[in-house]
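Okay, everyone, thanks for coming. Let me put the structure up, and then I'll talk through it piece by piece.

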Amino acid sequence: MRVDPYFVSNLVNSLDLTQASEQQLTAELSSGVRVNSLSQDPIASGENVLLLNQIQQDDSFTESSSLVQGQLQVADSALGSVVTQLTQAISLATGANNGTLNASDLISISNQIAGIRDEVTSLANTSYQGQYIFGGGQTSTAPFTTSTTASPAVTTYNGDNDVNYLQTPNGQSIQLNVPGNQIFQGTGSNSVFGALNSLVADFASGTHTNQAVTDLASLNTALNYVSQQRVVVDNSITRLSAASDAVTSEQTQLTTAQTNLMQADLPTISTQLSLSETQGTALEDVIAQLGSSTQSLFSKLQG
Amino acid sequence: MGTINSAFALIAQALDAEQSGLNVVANNVANANTPGYTRETPDWQASSSIEVNGQFLGDGVQETGATSVRDRVLEERLVQQQQLATASGSRLTALDTLQALFPPDSGAGASTAGDIGSDITKFFASFASLEANPTDNALRQQVLSTAATLAGDVSNAAASANQQQAALDQEASGVSSQVNALTSSIAQLNQQIQSTSPNADAGTLEDQRQQDLSQLSQLVGINQVTTENNGLSVTTTSGQLLVSEGSSFPMTTGSVGGVTHFFLGNTDVTAQLTSGGGELGGYLTARDQDIPSALASLDQLAYSVSTQVNMLNNAGTDMAGDNGNAGNIFSQPAQVAGSAAAMSVVMTNPNHIAAAGLGKGTGDNSNALALANLGNQSIVSGQSPTDYYSSFVTGLGSTVSNVQTENTAQNASVTQLQSQSDALSGVNLNDEASSMSTLERSYQAASQVFTMLNTVMASVLNLGEQATVS
């Protein structure tokens, strides 16, 4: 049977293939990446896009969450101080209502409650990174202003009812703010500023009135209401850190998955490279042997 | 009975024949490395015996020429397989360049430049960050800069794909002149073969014709039909004549709609050539199918993202107090086609990003939330932008990988057929050495017989007396 007389050139083709494979393996080894072009593993390339998307979303949520955590904590501590101030106002008013104080004492209590009202106003106007946190969507203007020209004084809300939410990568919405009017200007007897302003006016006259007793009751109700709204903020903080923890652990898992998907398995590649090299050397030897012209039968013929 | 004279004549003929045979061997050795050369074997023919006095006597040998050792079926298979292999080869080269425009990102930490997938993610994530603090200037800047990266990478990829398409167009149109040179050469050879050797193998002329056919099949897909008198007609795989025996039909090119089209006579054969095979088939497949399909996907992505983002930005309130008319972030494409190449960011002032809901205070984030959610909504052909891009890269990668596999298989098959063909038709120096040795020995034997006859003749002339004639 005849054989292909040009088998040496076929061997050279094989040598080219071996060298191409060595090149590919070296590239994987030096970059540490298994998939350097889409065609090497199309499915993994597509999956990689989705995984990286998820990881990036988690990453950006973690950043956002630490940002809003600060804001929620400032809100919580402001509301904590409001509760302290209101408790103090209630004890002052309770003292004033027990009927033993004289006119000048009552006026002094009126002034003290006015001081507390101003303190609460400034707490309600708390800002975080230059943004007022109790103004709803109106974060650039102070949400509460008090006009003392009339009696009782009038505290106006300049914000709106807007509530912001932060969405977690899993689609949960976490409330980021409570509009100031919900906290401090609840309807009817729930209004903090209404009750404070009325008490200031009640005691300013220096006389005991039944109105002061009613207004004190209102302030008590309003305090309870503020505490309820504070729970909303606290819930958000809790949910936020829970979500943040969940996202961080998800991110860790996804990163592991992504690494497994795309990273080169160094021991395997090193082994393959070494095999390729051995094969290359063997081919070179064979070519050198077969390619030498002395192998032709002509060299054996006598002249 | 034969005479001594006839024995002389017979052996002289044998010497001629052996010499002629040696000539064939020498020619084989001389052409051992000539591309397309088919080894020849000497044709031996025993001269017809003659009857003398009722006895049949042999009348020696004649060398009647040489026959090329070829297998036409094998050669035709090789030509067919070559056109498939070169088609997938040139398509693969184009696809490799194309897929390099979409490098896979290796990891979350090391972002690869030009990775549109991570650009999309980062763009929508920048809106998610804006949810946390909708009035923050740095976060707003971040939205514009990620938008610019996305638009830049998409338009770069589209521009590169367009350039590649133009380059392929040029390469393809260059092929036609090579095709014409080969077809006219085949036509000429046909004429020579038909006139010199209408009934038998034409030897080296056929070698040349086969070599031209082989080269032609690497350029375009062809079918060959053997005609009478050893002629050959060549058509494209879809049946348009390129060569009809002694005449060839030149392929012409012309620009149709900005791309090169190919004509045979007045017929536009571009579509047929595309699926026909050969280098041209590969170039045209990449030019007319692969690149346009990738560009269409990019266009769809760019169009949908630009349109949806612009629409939502115009449905909110920005920092400058615009209600429902905050303006476009991306330049608004008029139609899907060409959107990718034209994708750019037109917004310069980050305060015009409408993070707040329509009519709401600037501290509101509901529109930023809606914009961030666009990233997970089915806005591009029923898929989210990331899913769409993911399907796109998987699709492109699979195509490249398929063509790669196809090409490897076809090349292996070409190598195998080439090996088979070479085994049959290639010049094997060892074989030639052995034939030469054999012929040389026969020649020596014949000369020896000649010497013997000479001695016999001398004896006859001297009638038994020694010395007069030696």
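So, to start: how far apart do the C-alpha centres of domain 1 and domain 2 of chain B lie? They lie 65 Å apart. Keep in mind as we go that this is a predicted model.

Let me say where those two domains are. In chain B, domain 1 takes in 4-69 + 427-462, and domain 2 runs over 77-415. The two do touch: eight residues of domain 1 of chain B are in contact with seven residues of domain 2 of chain B. On the domain 1 side, strand S4 of chain B, residues 61-68, gives the most, with three residues. And if you sort that side of domain 1 by class, you get three nonpolar, four polar and one charged residues.

Right, next up, the contact between the chains. Chain B puts in 53 residues, and chain A puts in 52 residues. On the chain B side, the elements that each supply at least two residues are helix H3 (116-132), helix H9 (366-374), helix H10 (385-425) and helix H11 (429-462). Which of them gives the largest share? That's H10(B), with 17 residues of the side of chain B that touches chain A. By class, that side of chain B has 19 nonpolar, 28 polar and six charged residues.

Now let's go over to chain A and look at a helix pair. Helix H2 of chain A covers residues 42-97, and helix H3 of chain A covers residues 103-124. Their axes come within 10 Å and cross at roughly 170 degrees. Anything over 145 degrees counts as roughly antiparallel, and H2(A) and H3(A) are therefore roughly antiparallel to each other. If you care about handedness, the crossing of H2(A) and H3(A) is left-handed.

Who's actually in that contact? From H2(A), the residues include A:Ala78, A:Val82, A:Ala89, A:Leu92 and A:Ala96. From H3(A), among them are A:Leu106, A:Ile109, A:Ile113, A:Ile116 and A:Leu123. I've left some out there, such as A:Gln85 and A:Gln88 of H2(A) and A:Glu119 of H3(A). Taken by class, the residues of the contact of H2(A) with H3(A) divide into 12 nonpolar, four polar and one charged.

There's a helix pair to show you in chain B as well. Helix H7 of chain B, residues 278-313, packs with H9(B) at an angle of about 170 degrees, with the axes 10 Å apart. H7(B) and H9(B) are therefore roughly antiparallel to each other. The H7(B) residues making the contact are B:Gln308, B:Val309 and B:Leu312, and H9(B) brings B:Asn367, B:Ala370, B:Leu371 and B:Leu374. That contact divides into five nonpolar, two polar and no charged residues. And H9(B), remember, is one of the helices that supply at least two residues of the side of chain B that touches chain A.

Okay, on to the sheets in chain B. One is an open sheet of four strands, in the order S5-S6-S7-S8, with antiparallel pairing. Which strands sit at its edges? Strand S5 (222-226) and strand S8 (247-248) of chain B, and each pairs on one side only. Five bridges join S5(B) to strand S6 of chain B, residues 232-236, and B:Ile222 stands opposite B:Thr236 in S6(B). At the other end, strand S7 of chain B, residues 241-244, pairs with S8(B) over two bridges, with B:Ser244 opposite B:Ser247 in S8(B).

Strand S10 of chain B, residues 259-264, is joined to S11(B) by two bridges, and B:Leu264 stands opposite B:Thr267 in S11(B).

Last stop, back in chain A. The peptide bond from A:Ser151 to A:Pro152 is cis, with omega near 0 degrees. You'll find A:Pro152 in the loop between strand S3 (144-147) and strand S4 (154-157) of chain A. That's my tour, thanks.

How values were computed
Residues numbered from 1 in each chain as written. Chains lettered and ligands numbered in written order. Predicted model: local features only at pLDDT ≥ 70, side-chain atom pairs only at ≥ 80, totals over all residues. Domains from an automatic or database assignment. Nonpolar A, V, L, I, M, F, W, Y, C, P; charged D, E, K, R; others polar. Axes fitted to C-alpha atoms, helices over the stretch in contact; angles between N-to-C directions. Parallel < 35°, antiparallel > 145°, perpendicular 65-115°, else oblique. Left-handed = near helix turned anticlockwise from the far one by under 90°. Pairing = 2+ DSSP bridges.
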